[in-house]
Amino acid sequence: MQTVLQQVINALSLGAVYALLALGYTMVYGIIKLINFAHGDIYMLGAFWAYYVINFWHLNFIGALLSSMVIGALSGVVIEYFAYRPLRNSPRIAVLITAIGVSFLLENGMSYLFGANPRSFPQVIKQFNFNIGGVLISNIQILILATALILMVLLQIIIQKTKMGRAMRAVSVDPEAAELVGVDVNHTISFTFALGSALAGAAGVLIGMYYNSIDPLMGMTPGIKAFVAAVLGGIGSIPGASVGGFLIGILETFFQSIGLSAYKDAVVYLVLIIILLFLPSGIFGKNTREKV
Amino acid sequence: MKKTTKKLMTVFSAVAATMMLAGCSVAKNSSKGTKQDDKTVKIGMNMELSGATAGYGNAEKNGIDLAVSEINQAGGINVNGHKKKIKLITRDNKSSNTTSASVAAQLVNKDKVAVVVGPATTNAATAEIPNVTKASVVGLSPSATDPNYTLQKNGKVQPFVFRACFQDNFQGTSAAKFADDTLHAKRVAIYADNSSDYGTGLAKAFKKTFKGKVVDMQNYSAGDKDFNAVLTSFKAKKVDAIYVAGYYTEAGLIVKQARQMGIKVPILGGDGMADPKFVQIAGQSATNIYYTTPFSNSAATKNPVALKFMKAYKARYNEAAPTFSALAYDAVYMVKAAIESEKSDDSVKIADGLAKLKDFPGVSGKITMNKTHDPEMPITMVKLVNGKINKAFSVK
């Protein structure tokens, strides 16, 4: 029982990070139908930024988290402005390929500038464990879960209650009609990128704290898994992405705990295939037909 | 404008074609090997000086440069009564297998070297085998650890291929013996990197030799960051020790996560942990860690050859000598010993000399070459406490 509970804790901490990343995929997809493959690399940028400010400016955790979110948001907006906006009216495949290109640029650019070697993340918060009936929860795990949940709630409030959120929802339904009623589409899309990328930046800091090791290629695998999580939850759906992230975390942990660690990645990709075959709109997705 | 571009293109393609031809050509007089002139012995270095594994290659280059300059300052190699200086020819294989093959061809056919030292990694070193073998020139890798590197497909030994390090099986079996005899571990879990031959090789050898019970065997792949789930299940199985077969990037994280969840048992590993980065990543968790290594600065203090090497290395490069430099340094001196014992610098004779090497005093201890061209040397088990080497055991 202890072991099971311990594994649940492991699964939730891992899932929280996937969920934060999946939110970015889902929001961008929801608004411009683009799978932003560079999203995982913004997470990497967030982690590197936090590494820098903690080591050289001696910021504390909150400062590092907030500044990484700002940097994440900025880089998301810049990428959107230079790489995706010029292709706004091009076939969707062109933007998708550009996204992959941007991802490679960020990964290899960072490897070139800062070296491909993993580096250890500074420990701004000293780790200690709470022992609850033999189940260990570290303060960092709690921090990850809490930060992730707070950010998700904030995101939901922004989307449902603010003017900008209403604009986002409008653009996601029909950009042209939204423009007709006075919504600045470009502005809204930039805002969406900023929001999603800020979450990725936050996830980067949390992972840096949790695992203590960052490298330029750290965004690759989590990025793809978060994408699977977004598809599982129903790409375009905000609650779907959160649930999908946690589900992927649970799934991966479960397969490792029953001794099939070699297949943990394969299982995630198998889930993607099954979802696409049997439930293409995901768990929370709306089953809409696309007009051709 | 256009004309010049065209001309340039022609020149470029001609150069490229020549380079490709040089890469493909092999020696014609295949049975004789290379002969040296009266004054110098040419040694070729085929090394990963740029690219993905340049870290290893540059460390080895430092070791080789140091050994060559030491030997030359002392007058050179004694070939049948008169001293000949070493002429070192350094070439970069760019961490690429195909480049390694063409570099080897250039070294043996054009430069007529007596020996090729390198490359550092098994794959690049394997790629040079056809070219050095056809030319009957020795290929001596300081650090190719794959057991099959010195063997042909049919299991016979490659006549001209040698290494200056122990092979993976040896590390795995030594760690298993250490876990049995010194740690008295009864229940062990193995956690192996199944994305590299290194990890799977170590794990297999460990499992085969270990006398106690292997209660669980799990895999991860390079780039993984979360090991909590598997470690939790190891903890539930009440293991006495964990054997981690992989490189420092993931091993460091595994150690850190294990200690954070309260796993206090010894964690064992191979020389993949013998890198300062390992301790950086694991941090204060690097306690009660044991790893096998051919060379460690603290174990070497009792060995005069190692002491001399470490001092010279520190004086020349202003840093503590890494393991890979030590192996490469030994490789050059092994060549010297082979030439001096055979009284000839003919490349075929050097191969004979290396195969007969016995009790060679190396930085990593006394080295004897066995039938499969694997040096038998003492293996050291190092214990880390708070990230520092606390104790070194020699394992038999």
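In this predicted model, the largest cavity takes up about 130 Å³ of space. The structure holds one cavity of 30 Å³ or more. So what kind of residues line the largest cavity, by class? The lining has nine polar residues, three nonpolar ones and no charged ones. Both chains take part: from chain A come Q6(A), N10(A), Q127(A), N129(A), L136(A), S138(A), Q141(A) and Y210(A), while chain B brings N228(B), Q257(B), Q260(B) and M261(B). Looking at it by element, α1 (2-32) and β3 of chain A, along with α8 (248-260) of chain B, each put in at least two lining residues.

The partner of β3(A) is strand β2 (residues 129-132) of chain A, running antiparallel and joined through four bridges. Across this pairing, I132(A) sits opposite V135(A). The two strands make a hairpin with two residues between them, and G133(A) in the turn has a positive phi of about 55°.

Turning to the nonpolar packing, the largest core counts 116 residues, and the members touching the most others are Y84(A), L231(B) and I242(B). Helix α8 (residues 185-211) of chain A is the top contributor to this core, giving 16 residues. There is also a second, separate core of 71 residues, with M47(B), V79(B), F166(B) and L202(B) among them. As for I242(B), once neighbours within four places in sequence are set aside, its contacts are A189(B), L231(B), F234(B), I263(B), V265(B), P266(B), I267(B) and L268(B).

G118(B) and P119(B) are linked by a cis peptide bond, with omega at about -10°. P119(B) falls in the loop between β4 (115-117) and α4 (122-134) of chain B. H58(A) lies in the loop between α2 (39-56) and α3 (61-84) of chain A, and H58(A) is exposed, with a relative accessible area of 65%. N80(B) is placed in the loop between β2 (77-79) and β3 (82-92) of chain B, and is likewise exposed, at 53% relative accessible area.

How values were computed: Residues are numbered from 1 along each chain as its sequence is written. Chains are lettered from A and ligands numbered from 1 in the order in which they are written. This is a predicted model: local features need pLDDT of at least 70, side-chain atom pairs count only at pLDDT 80 or more; totals for chains, interfaces and linings use all residues. Side-chain values use heavy atoms; hydrogens and water are left out. Two strands pair if DSSP finds at least two bridges between them. A nonpolar core is a set of buried Ala, Val, Leu, Ile, Met, Phe, Trp, Tyr and Cys residues joined through side-chain atoms within 4.5 Å. Buried means under 20% relative accessible area, exposed over 50%, partly exposed in between (1.4 Å probe, protein chains only). Contact means heavy atoms within 4.5 Å. On a 1 Å grid over the protein atoms alone, a cavity is a set of points where a 1.4 Å probe fits but cannot get out, and a pocket is an open set with protein on both sides within 12 Å along at least five of seven lines; lining residues have an atom within 4 Å of a point. Grid points are joined across faces, edges and corners, and a volume is the space filled by probe spheres set on the points. Ala, Val, Leu, Ile, Met, Phe, Trp, Tyr, Cys and Pro count as nonpolar, Asp, Glu, Lys and Arg as charged, and the others, Gly among them, as polar.
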